[in-house]
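Hi everyone, thanks for coming. I'd like to walk you through a structure that may be new to you, so let's bring it up on the screen.

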Amino acid sequence: MRILIPGIAGTMGQLVAKDLADKGHEVSGIDRRRWADAPSNIEVHNVDIRKRAAEETFRKVKPEVVIHMATVSHFAAQGEERYRINLGGTRAVFDHCVRYGAAHCIFIGRHTYYGAAADSPLYHSEDEPPMGLESFPELADLVSADLYAGSALWRFPALTTTVMRMCYTLGPTGHGTLATFLRGHSVPTILGFDPLFQFMHERDVVKSIALAVEKKPRGVFNVSGPQPVPLSVLARETGRRQIPLPEFVFVRSLGRFGLPKIPRGALNHIKYSIVMDSNAFRQATGFSHEVDEVQAMHEYKAAFPSVREAG
Amino acid sequence: MSTAEEVAESLRHVDIPFNRFGVDPFGISRRHLRFAFSFLGFFYRHYFRVRLHDLDNIPKRGRAMLVGNHSGGVALDAAMVMCSLLLDMQPPRLAHSMVEKFLNTVPLLSQWTNRCGQFTGLPEHAVKLLEDERLLLVFPEGARGTAKLYRERHSLVDFGSGFMRLALQTHAPIVPFAFLGGGEAIPTVYNAYALGRAFGAPYVPVTPYLFALPLPVRLDIVYGEPMHFDGDGGEDDEVIFERVNQVKDAIAGLIERGRQIRRGKNDHQVLTP
C-alpha cells in the first residue's frame, strides 16, 4: 500500500515508517524536521503540513493510507503555534485525504484527552467526553484536534477514519512525556498521591499502528498495553528515587531545583490516574501487547540508568 | 495466629489477580491491604468483637452487590463488613466500597483508598468492578445514612435507586445485610455541617464526648439471602422504586432480626470470632 506519514521524522514516526517499509509497503512522509539517516526506501518531504508544498506531496504520492502523527504537546511548542500545528495541521491532513482519494486516515491522539481529576473513572471508554480542560486548558488544542479528527467519521463517510488514543510510551528510545518525566535520577511526586500510569513499549505502539493499517477499524479507539502500575512502582523499577513533596512545596518549586516548568494543570496528571479500557481496539484488530510492564520499565532503565547507577 | 498473620494468609488466597509487584489492574496493592487490614482487623477481632450471622449467604465467587444500612457516623460499617469477608470467608474476598469524591482529593487518603480498592463512587467504577466479577459494597442511604443520630440508629433513611439500576444492568445479585451497633459505638448527637464543609466533607459527627472516636461496643452483621431481579436497568422509576423497596424491606427485616439477637433472642447461626 502507498502510505504517507505526516510527522515521520519524530521518534515514533521513524519507527512506524521503518516497520511498514519492512512489511513491503511504499512509505513516504512529511515533516519540517530532517530525518538525516532515513532508509533509501522511505521518501521524506521536508515541508510544513499546513503549507501548499504538503498538498503537492499528497497530489504526487496519492496515498491510500495516511497516518497523521504531526501533532505536538505543550512541551514541544507554545501557545498559538501549537494551535496552528495541531488544529490547522489536522484539518489540512483530512482535507488532502479527501481531495486526493486516500481510503484510510489514522489520527494518532493521546490518552490525555480524558483529563485527570479526582472524580474521573478508571478505565475510560471511548464514548466519554473530555473532562480535564477546566483544570488543564493547555490541552485544549489536542482535545480539539482529536474531536475534529473524529468528526471526519460523519463528514467524510467514504474515508475510513481511525482515531487512536494512545497511552504513554515507555521503552529504550526514551521517547514521550512519561520517559522525559522519568529522565532525572529523582522523580518528584506529590505527597499522598500515587496515581496509576498506563504505558506501552515502543514496539507495541508500532505494532498497534501497523495493525490499524492492516485491519482498518473505523471509529475512535483507546490503545493501551499491559496493566497500569502506580507511579511509586514506576519510579522504583526504573531505578529512580521518588521524592514525595507536599503539593504546596511542589507548586512553588516548579521550574526551580531541577524540577521541570510544567503548567499547574499538569499537576493533576501526577495526582490522579488516566487509565483507558482498550478492549474495543483489541477486538477490532486482534492487538495484544508483546512487552509487559516489567520489561518496558527495565528496558527504559537499561537505556537510561539513573545518574547514581551510571556513575 | 496474630491478626497480621491472619491477614497475610487471607491475602494469599483472595481472588485478586496481583502482578509480580503485588498490584492488580485496578491498582489494588497487596502491601497496602496487608497494612490496612492488620490495623482494621485488630478492631474487628478484639475491639468490637464483631459477630457475623449467615455469612454463607455471600457468593463464594462471581459478582454480587452487598447492600446494607449505614450505622455509625463514620465508615466503620464498611470497614467491618470488609474485614468479615476477608478474614472469615472461605475463600476470602475483597469488597469494594464506593467512597465520597472528596476523599480522593485528600493526600494519603487518596493513595490509601485507591491502593485498597475503595474507589470514588462513580457508576463507571461500579460497572467495571461488577463486570470483573468482584463484590461491590453499597450503602444506598448515602451520606444521609451516616448522618443518622443516636436516636435514629435503627431507622433507614430514603434509599437512592442507582444501585438497583446497576444491579439490573450488570445482572448482579443483591445480598442485603444489616449492620448493628455502629450507632452505639459512635453515638452521634449532632452533625456539624458547616465545619464539614470547611474540610470538604459532608459534615463532622459530634458525640457527647465531642469526637467521633468509637467506643468498644460489640457489633453484629446479619447477611440476608441473595435477591435476584430481572431487567436491564432501563425500567421506569416506579418499577425501580418498587424493587428498591423490596431490598429496603429485606434490610429492615434483617435489622429487626439483629436487634432480637442483640437482646438475646433468636440467637441463630452465630459465628463468633
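Before we start, one definition: helices here are DSSP runs of H or I with at least four residues, numbered from the N terminus. Please also keep in mind that this is a predicted model.

With that in hand, look at helix 6 of chain A, residues 202-215. Several of its residues are buried, among them A:V205, A:I209, A:A212 and A:V213.

In what order do the seven strands of the open sheet in chain A run? They go 3-2-1-4-5-6-11, with parallel pairing. Strand 3 (42-45) and strand 11 (219-223) of chain A sit at the edges; each has a single partner strand, so one side of each has no neighbour in the sheet. From one strand to the next, the twist averages 20°.

Let's zoom in on one pair. Strand 1 (residues 2-6) and strand 2 (residues 26-30) of chain A are joined in the parallel sense by five bridges. Within that pair, A:I5 has A:G29 as its bridge partner.

Helix 1 (residues 11-22) of chain A touches strands 1, 2, 3 and 4, and makes about 160° with the direction of strand 2. Helix 4 (residues 140-155) of chain A lies across strands 5, 6 and 11, at about 150° to strand 6.

Definitions and conventions. Residues numbered from 1 in each chain as written. Chains lettered and ligands numbered in written order. Predicted model: local features only at pLDDT ≥ 70, side-chain atom pairs only at ≥ 80, totals over all residues. Pairing = 2+ DSSP bridges. Helix = DSSP H or I, 4+ residues; strand = E, 2+ residues; numbered from the N terminus. Axes fitted to C-alpha atoms, helices over the stretch in contact; angles between N-to-C directions. Contact = placed C-beta atoms within 7 Å. Expected span 1.5 Å × (residues − 1). Buried ≥ 20, exposed ≤ 12 C-beta atoms within 10 Å, placed from the backbone.
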